[in-house]
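Have the sequence and the 3D view at hand as you read.

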Amino acid sequence: MTADLMRRKFEHRFDLLDTDGDGYIAQTDFTALADRLIDGMGEPADSDRSRALRDAKEHYWTSLTALVAADGSGRISRDDFATGLARTPDASRISAMVRPSVEADLALADRDGDGVVDVDEFTALFHAIGVSAPEAQEIFRTLDRDGDGELTLDEWLAAALEFFTSTDETAPGNRILGRV
Ligand SMILES: [Ca+2]
Ligand SMILES: [Ca+2]
Ligand SMILES: [Ca+2]
């Protein structure tokens, strides 16, 4: 059951990361993902936030290829992705991979610049990658663990790490990108 949960989570994430839907994740998917988020939030393409987001997604891609045995083709298949991540949930490496990405996502989403993300900011960010408002609101409530209506960097990072490493069916982080 545990292996099954991990596989379901990673396959779900793969489908979201495979932006062009060709069955492989490549650097171009991460570039497209960054552009989609930047456009969707109405952020100028050359702003500091946009640059930081693009750099963070590139870092994510580079870290991911180091983590999941790539076949040297510069792309990762669905099976390699799910199998590789399920085999080695190395928390420190996962954390190093996702932290810049979460920081950049938060900075992009935080339109009023108060350092945290409210439900409307969160919903707008997720809308940019095709997640419906009701689903984004549900994800927000799950990730906002103290229920104060604000998603902090720590709450977001905890969920991101949990997504990759927790074998608990009920872990809130499993829901970071919606139902799996
Ligand atoms: Ca692809
Ligand atoms: Ca905010
Ligand atoms: Ca909170």
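This is a predicted model: local features need pLDDT of at least 70, side-chain atom pairs count only at pLDDT 80 or more; totals for chains, interfaces and linings use all residues.

The mean pLDDT of the protein is 92, with 97% of the residues at 70 or more. Among the elements, helix H1 has the lowest mean pLDDT, 87, while helix H6 (residues 119–128) has the highest, 96.

What is the protein built from? Its secondary structure comes to eight helices and two strands, and along the sequence they follow the pattern α-β-α-α-β-α-α-α-α-α. The radius of gyration is 15 Å, close to the 16 Å that the globule rule gives for 180 residues, so the protein is as compact as a globular protein of that length. Along the principal axes, the C-alpha atoms fill a box of roughly 45 × 35 × 30 Å. Of the 180 residues, 33% count as buried. And if you take the contacts with a separation of 6 or more, 59% of them join residues 24 or more positions apart.

| Helix | Buried residues | They pack against |
|---|---|---|
| H1 (residues 2–17) | Met 6, Lys 9, Phe 10, Phe 14, Leu 17 | E1, H2, H4, H8 |
| H4 (residues 78–87) | Phe 81, Ala 82, Leu 85 | H1, E1, E2, H8 |

Let's start with H1, where Met 6, Lys 9, Phe 10, Phe 14 and Leu 17 are buried. These residues cover an arc of only 135 degrees around the axis, which puts them on the same side of H1. The helix has 16 residues and reaches 23 Å from its first C-alpha to its last, close to the 22 Å expected at 1.5 Å a residue.

Why do the buried residues of H4 line one face of the helix? Phe 81, Ala 82 and Leu 85 are the buried ones. Seen down the axis of H4, they fall within an arc of 90 degrees, so they line one face.

In soluble globular proteins, nonpolar side chains tend to be buried together. Here the largest nonpolar core has 45 residues, and Phe 122 and Ala 160 have the most contacts inside it. Helix H5 (residues 91–109) gives the most to this core, with eight residues. Which residues does Phe 122 touch, leaving aside its neighbours within four places in sequence? Phe 122 is in contact with Ala 109, Val 117, Ala 136, Phe 140 and Leu 151.

Terms used: Residues are numbered from 1 along each chain as its sequence is written. Chains are lettered from A and ligands numbered from 1 in the order in which they are written. pLDDT is the predictor's confidence in each residue, from 0 to 100. Helices (H or I, at least four residues) and strands (E, at least two) are DSSP runs, numbered from the N terminus. A residue is buried if 20 or more other C-beta atoms lie within 10 Å of its own, exposed if 12 or fewer, and partly exposed in between; C-beta atoms are placed from the backbone. The arc is that of the directions from the helix axis to the C-beta atoms. Two residues are in contact if their C-beta atoms, placed from the backbone, lie within 7 Å. The expected span of a helix is 1.5 Å times one less than its number of residues. The radius of gyration is taken over C-alpha atoms; the globule rule is 2.2 Å times the number of residues to the power 0.38. A nonpolar core is a set of buried Ala, Val, Leu, Ile, Met, Phe, Trp, Tyr and Cys residues joined through C-beta atoms within 7 Å.
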